[in-house]
Amino acid sequence: MLQPRKVKYRKHQRGRMKGKAHSGNTVHFGDFGLQALEPAWITARQIESGRRAIVRHLKRGGKVWIRVFPDKPVCSRPPETRMGKGKGAVDHWVVPVKPGRILYEIGGIREGLAREALRLAAQKLPISAQVATKDALSK
């Protein structure tokens, strides 16, 4: 699973996901990308699941870039525990995603194969997403 080696603070506050993505909203590395249409927290497990779906469909062809990294810790308390006694331990890691953010990129393969691979990855995510191309976003 993806998670940071070291963080400055062990526990974060929840924060909010207001507005659209200002950075990471264009396809830079590959020819096709998967673009988020809704705000959400995406976990490290979901990112890895989408990556596996893409790689399996491509059958070792092309190149895949993951454009998001889960660096926000999510804390949770053990089940059936009374309230109080502080914040719980870090349970898993997430990345807050705003609408417009590119999650994955693919390059070096034909369009039909890329679209199908990204569609399979989008099914693994808790948000709706669309396939974006390099030339469509640069206009």
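**Close-up views of a predicted model**

Figure 1. Apart from its neighbours within four places in sequence, Thr133 is in contact with Val27, Asp31, Phe32 and Arg115. Thr133 belongs to strand S7. Its relative accessibility is 12%, and because buried means under 20%, Thr133 counts as buried.

**Figure 2. The chain as a whole.** The secondary structure comprises three helices and seven strands. Read from the N terminus, the elements follow the order β-β-α-β-β-β-β-α-β-α. Along the principal axes, the C-alpha atoms fill a box of roughly 55 × 30 × 25 Å. The chain has 139 residues, of which 36% count as buried. When contacts between residues at least 6 apart in sequence are considered, 81% of them join residues at least 24 apart.

**Figure 3. The open sheet of four strands.** The strands are arranged in the order S3-S6-S1-S7, and their pairing is antiparallel. Strand S3 (63-66) and strand S7 (129-133) are at the edges; each has a single partner strand, so one side of each is left without a neighbour in the sheet. From one strand to the next, the twist averages 20°. In general, the strands of a sheet pair through backbone hydrogen bonds, in either a parallel or an antiparallel manner.

**Figure 4. The pairing of S3 with S6, and the helices on the sheet.** Strands S3 and S6 (residues 102-107) pair in the antiparallel sense over four bridges. Val64 has Ile106 of S6 as its bridge partner. Helix H1 (residues 44-58) lies across S3 and S6, and runs at about 20° to S6. Helix H2 (residues 111-123) also packs on the sheet, where it touches strand S1 (32-36), S6 and S7. The direction of H2 makes about 30° with that of S1.

**Figure 5. The contact between helices H1 and H2.** These two helices pack at an angle of about 150°, and their axes are 8 Å apart. An angle over 145 degrees counts as roughly antiparallel, which makes H1 roughly antiparallel to H2. The crossing of the two helices is right-handed. On the side of H1, the contact is made by Gly50, Ala53, Ile54, His57 and Leu58. On the side of H2, the residues are Leu113, Glu116, Ala117, Leu118, Leu120 and Ala121.

**Figure 6. The largest nonpolar core.** This core has 22 residues. Those with the most contacts inside it are Ile42, Ile54, Leu103, Tyr104, Ile106 and Ile127. At least two residues of the core come from each of S1, strand S2 (40-43), H1, strand S5 (89-97), S6 and H2. Helix H2 gives the most, with five residues. In soluble globular proteins, nonpolar side chains tend to be buried together.

**Figure 7. The surroundings of Gly30.** Gly30 is found in the segment before S1. Its relative accessible area is 1%, so Gly30 is buried. Beyond its neighbours within four places in sequence, Gly30 is in contact with Trp65, Glu105, Ile106, Gly107 and Lys134. Gly30 and Asp135 are 105 residues apart in sequence, while their C-alpha atoms are 11 Å apart in space.

Note on methods: Residues are numbered from 1 along each chain as its sequence is written. This is a predicted model: local features need pLDDT of at least 70, side-chain atom pairs count only at pLDDT 80 or more; totals for chains, interfaces and linings use all residues. Side-chain values use heavy atoms; hydrogens and water are left out. Two strands pair if DSSP finds at least two bridges between them. Axes are lines fitted to C-alpha atoms, for helices over the stretch in contact, and angles run from 0 to 180 degrees between N-to-C directions. Contact means heavy atoms within 4.5 Å. A nonpolar core is a set of buried Ala, Val, Leu, Ile, Met, Phe, Trp, Tyr and Cys residues joined through side-chain atoms within 4.5 Å. Buried means under 20% relative accessible area, exposed over 50%, partly exposed in between (1.4 Å probe, protein chains only). Angles under 35 degrees count as roughly parallel, over 145 as roughly antiparallel, 65 to 115 as roughly perpendicular and the rest as oblique. A crossing is left-handed if the near helix is turned anticlockwise from the far one by less than a right angle, and right-handed if clockwise.
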